[in-house]
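This briefing gathers selected features of the structure shown below, grouped by topic. Please read it alongside the sequence and the coordinates.

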Amino acid sequence: MWVEKDSKKNIYWPSSEMKKKAHVSDEKIYDESLKDPVKFWSNHAKKSLNWFKSWEKDYEEDFPDFKWFSGGKINASFNCLDRHVENNGNKPAIIWEPEPVEEKEQILTYNDLLQETKKFANVLKKLGVKKGDTVGIYLPMTPHVQIAMLACARIGAIHSVVFSAFSSEALKTRLIDAESKILITANGYWRRGKKINLKKSADAALPDTKVQKVVVVKRLEEDLGMKSGRDFYWDELMEKVSDDCSCEEMESNEKLFLLYTSGTTGKPKGVVHDTGGYLIQSFLTTKWNFDLHSDDVFWCTADIGWITGHTYSCYGPLSNGLTMVIYEGSPDFPEPDRFWKIIEKFKVSAFYTAPTAIRMFARLGKQFLEKHDLSSLKILGTVGEPIDLDSWNWFFEVVGKKRCPIIDTWWQTETGANVINALPGIGPFIPTVAGRPFPGIVADIFDDSGKTVKNEKTGDLVLKSPFPPGLLRGVYKNPEKFKDTYWSDYPDVYYSSDGAKFVFNKNIRVTGRIDDVMKVAGHLLSTAEMENAINSCAGVSECAVIPKPDKIKGFVPVAFVILKKNFKKSEEFADTIVQSVRKTIGPIAKPYKIIFVDELPKTRSGKIVRRMIRNIVSGEPIGDSSTLENPNSVNFLKKVIERELK
Ligand code: WT7
């Protein structure tokens, strides 16, 4: 048993066994780290990472810019690979489970991973990639993706990974903004027993970008069209290079990667992460939050296309020299017990997944778990959106058999690594509550006047100086956007766009986004980006995309569309709109429903009042409609929504 129930409240505490085993189990860590957060992070960075040259200054701030470990020289690839090889070269680094059941798992040891990474770094150099260049990566979950990322890091190139289920257009926008000259992709991959032709999407994205060379992983047997002079197979390139490649010495604040995330405007933002700061927060949160020791096996189910994949399926576990599992395919293929099978097969000790997956499994039923031995599990983790009480209980009781703590980690693409969560050896584990800020991180919840909220009132979640080492350093090529989005709502703090409140004495419960983005199956989507896709359809006059609560996905997008005169509402037209969103963003953004309306509630200045539509859709109080330009539209809309969505 790793947890015990509190005798009075519905909360849990680490058992004495857990306290004994845990890396940290003394409550004092919080107060002590906050006495001097800079010292806390510097001590850990010194102790836990290898530096070619130590830093001159630990922390500097010229709001909103800040730097960690200035003058220090470090390389992420060295910290993830080279330094483990001497003592642990034969230890598995990656256990890769392909989707087809006939295909056997593949194990890459630290020796293997280092060798492949060095070779691929030489491939990149041969293709002309230099320090500071951006490299686009559009790959499925096969070890090539970690190799490609670590190879970039090795030579100081900046990787920009794009989720493989994003559409060509989404890829194109990101390749153009990042000015990538090279793209690494695959001819395809397996998903739910089907072959997905990734090469076709990659090809369609390339016109109008600066991409000159494409490296193609041959995951499928088929030759899916190679353009001579531009496209090269990964394996063929790897045959022709040496396996020796030293690491570029990077100044700690130099860029490690870009990762695009959705914002409140139609254009995704290129979130910039640095090297040393990002690496220490990734290292320490992986080690402490999942209490990982050298024999443990860690599995984070996130795709590499998201920050969770970057940090917990690459840099975090590998910098710790741990063994991690990665899986290519769908959780319910060939049967809905695939995840439980994988946990049993590889004796996974810590399992990190998302509420949307938990809701899906809960609906499928516990019969799929019962035939599997999940006793290797010690820690369960969740991320991506607020977890509801039913899902928390199901995860705790059915998956963890009431033995394992649930580590509910709040963070964002922007924070680079976990920021708020309980620690396994300290607790408490409170259903639906993330917990306290990780040691060394200063968070607060503000009311409208920028003061700490009183009692259990909801307010805005902010981070205070010294800013966490993993926090973003910019929006690529857009310092104005960086300032406006994160640093302008209150003086001197980072604004997260999440609502939150304090419960149980300084523990934080995150209630969700307060800006115009929505979480669909844990994926952050911008309503403006979806609206742009819809508005580009000939015949659409204007529209509003609204999140509708959904039992499995958390939210699904519903589009309210006003047509131009002379255009007729029809099912075909609704389908054209749906396809346009799919094509521009990807299948995850597909609207659940298109509802044609004649008008929408508007302010006198002509702005659609989305908050009001959202309230009607989720059955909440509508609020004051008297100041609207068209107050009658509200009753009309209520009826339409009742008819179409109930
Ligand atoms: C948004 C960030 C964090 C990596 C994956 C998503 C929501 C995330 C939690 C949690 C409540 C959460 C927030 C946040 N979120 N984790 N444990 N409890 N909400 O990264 O796509 O940048 O999304 O996800 O709303 O702002 P992202």
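Predicted model: local features only at pLDDT ≥ 70, side-chain atom pairs only at ≥ 80, totals over all residues.

**Salt bridges and charge**

The structure holds 37 salt bridges.

- Side chains of opposite charge can pair when their charged atoms come close.
- Glu105 and Lys104 are joined through their side chains in a salt bridge, with an N to O distance of 3.4 Å. Lys104 is exposed, its relative accessible area being 62%.
- Glu105 also forms a salt bridge with Lys345, and here the closest N and O atoms are 3.3 Å apart. Because Lys345 belongs to helix H12 (residues 338-346) while Glu105 sits in the loop between strand S6 (92-97) and strand S7 (106-109), this pair ties together parts that are 240 residues apart in sequence. Lys345 is partly exposed, at 42% relative accessibility.

*The Lys464–Asp444 pair*

- A further salt bridge links the side chains of Lys464 and Asp444, at 2.8 Å from N to O. Lys464 lies in strand S24 (residues 459-464) and Asp444 in strand S23 (residues 443-446), so the bridge ties together parts that are 20 residues apart in sequence.
- Returning to Glu105, salt bridges with shared partners connect Glu97, Lys104, Glu105, Arg338 and Lys345 in one network.

*A negative patch on the surface*

- Glu61, Asp62, Asp65 and Asp492 come together on the surface as a patch of negative charge.
- Asp492 is located in the loop between helix H16 (479-486) and strand S26 (493-503). With a relative accessibility of 53%, Asp492 counts as exposed.

**Cysteines**

- The number of disulfides in the structure is 0.
- Cys300 takes part in no disulfide, and the nearest cysteine sulfur, belonging to Cys314, is 11 Å away. A disulfide requires two cysteine sulfur atoms within 2.5 Å.
- Cys300 is buried, having a relative accessible area of 2%.
- Cys404 is likewise in no disulfide; the nearest cysteine sulfur to Cys404 is that of Cys300, 17 Å away. Cys404 is buried, with a relative accessible area of 0%.

- Lys269 is part of strand S17, which covers residues 269-274. Despite the charge of a lysine side chain, Lys269 is buried, with a relative accessible area of 6%.
- Lys269 and Gly474 are separated by 205 residues in sequence, and their C-alpha atoms are 9.6 Å apart in space.

**Helix H7**

- Helix H7 (residues 168-178) is mostly covered, since 8 of its 11 residues are buried, that is, under 20% relative accessible area.
- The buried residues in H7 are Ser168, Ala170, Leu171, Lys172, Arg174, Leu175, Asp177 and Ala178.
- An α-helix has 3.6 residues a turn, so residues three or four places apart point the same way.

Notes: Residues numbered from 1 in each chain as written. Heavy atoms only, no water. Buried < 20%, exposed > 50% of the residue type's maximum accessible area, 1.4 Å probe, protein only. Patch = residues over 30% accessible without salt bridge, like charges linked within 9 Å, V, L, I, M, F, W, Y side chains within 5 Å. Areas by Shrake-Rupley, 256 points an atom, 1.4 Å probe, with all protein chains shown as cover. Salt bridge = Lys/Arg side-chain N within 4 Å of Asp/Glu carboxyl O. Charge placed at Lys NZ, Arg CZ, Asp CG, Glu CD. Helix = DSSP H or I, 4+ residues; strand = E, 2+ residues; numbered from the N terminus.
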